[in-house]
Amino acid sequence: MKHIIALLLENEPGALSRVVALFSARGYNIESLTVAPTEDPSLSRMTIVTTGSEEVIEQITKHLNRLIEVVKVVDLTEGSYTERELMLVKVRAVGKEREEMKRMADIFRGRIIDVTEKTYTVELTGDGTKLDAFLAALERTAILETVRTGACGIGRGERILRV
């Protein structure tokens, strides 16, 4: 089962590598990882997407809490949350394909952010299933390049990850 783990950690050299090393040493896979400073410049927020049983996720959480740099850990999938991912897709857009690519971007609420004579670059945000659906709707040969950020997540309502 997919889990989104959010954590606050001290914004200092080596903190990210220790978290990643913890996953690697125990044979846990990280599907995506995003990290950036928070409103408090001394802290960073990390969002890790991983898969595993409840027992495995519980072990991951316990190990993360033992790291000195980690301030707080929350499994967002234990409650309601909002998840978003950013994807940039460069697609072939020549002749009659140009209008079709524009239409596809509109259907998925994407934005065309770069235009050349032969390509469009489309920016999309949403959950992973929406982005996957956009790629599936395109012809395989139309996709020239794809870049994805990985998921960012935040608890809904009053649920806050804070020290």
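Modeller: Happy to! Contact here means heavy atoms within 4.5 Å, and buried means under 20% relative accessible area. Keep in mind that this is a predicted model. Let's look at helix H1, residues 15-25. Its buried residues are Ala15, Val19, Leu22 and Phe23. Why do they belong together? They span an arc of only 95 degrees around the axis, which puts them on the same side of H1. Just after the helix comes glycine 27, with a positive phi of about 75 degrees.

Now for the cover. The buried residues of H1 are covered by elements that include strand S1 (2-10), strand S3 (43-51), helix H2 (54-66) and strand S4 (70-75).

The strands deserve a look of their own. Four of them make an open, antiparallel sheet, ordered S2-S3-S1-S4. Strand S2 (32-37) and S4 are the edge strands, each pairing on one side only. On average, neighbouring strands of this sheet are turned by 15 degrees against each other, direction ignored. H1 packs on the sheet and touches S1, S2, S3 and S4, while its direction makes about 20 degrees with that of S3. Within the sheet, S1 and S4 run antiparallel and are joined by five bridges; leucine 8 stands opposite lysine 72 in S4.

That leaves the other helix in the cover: H2 lies across S1, S3 and S4 and runs at about 5 degrees to S1.

How values were computed:
Residues are numbered from 1 along each chain as its sequence is written. This is a predicted model: local features need pLDDT of at least 70, side-chain atom pairs count only at pLDDT 80 or more; totals for chains, interfaces and linings use all residues. Side-chain values use heavy atoms; hydrogens and water are left out. Buried means under 20% relative accessible area, exposed over 50%, partly exposed in between (1.4 Å probe, protein chains only). Helices (H or I, at least four residues) and strands (E, at least two) are DSSP runs, numbered from the N terminus. The arc is that of the directions from the helix axis to the C-beta atoms. Two strands pair if DSSP finds at least two bridges between them. Axes are lines fitted to C-alpha atoms, for helices over the stretch in contact, and angles run from 0 to 180 degrees between N-to-C directions.
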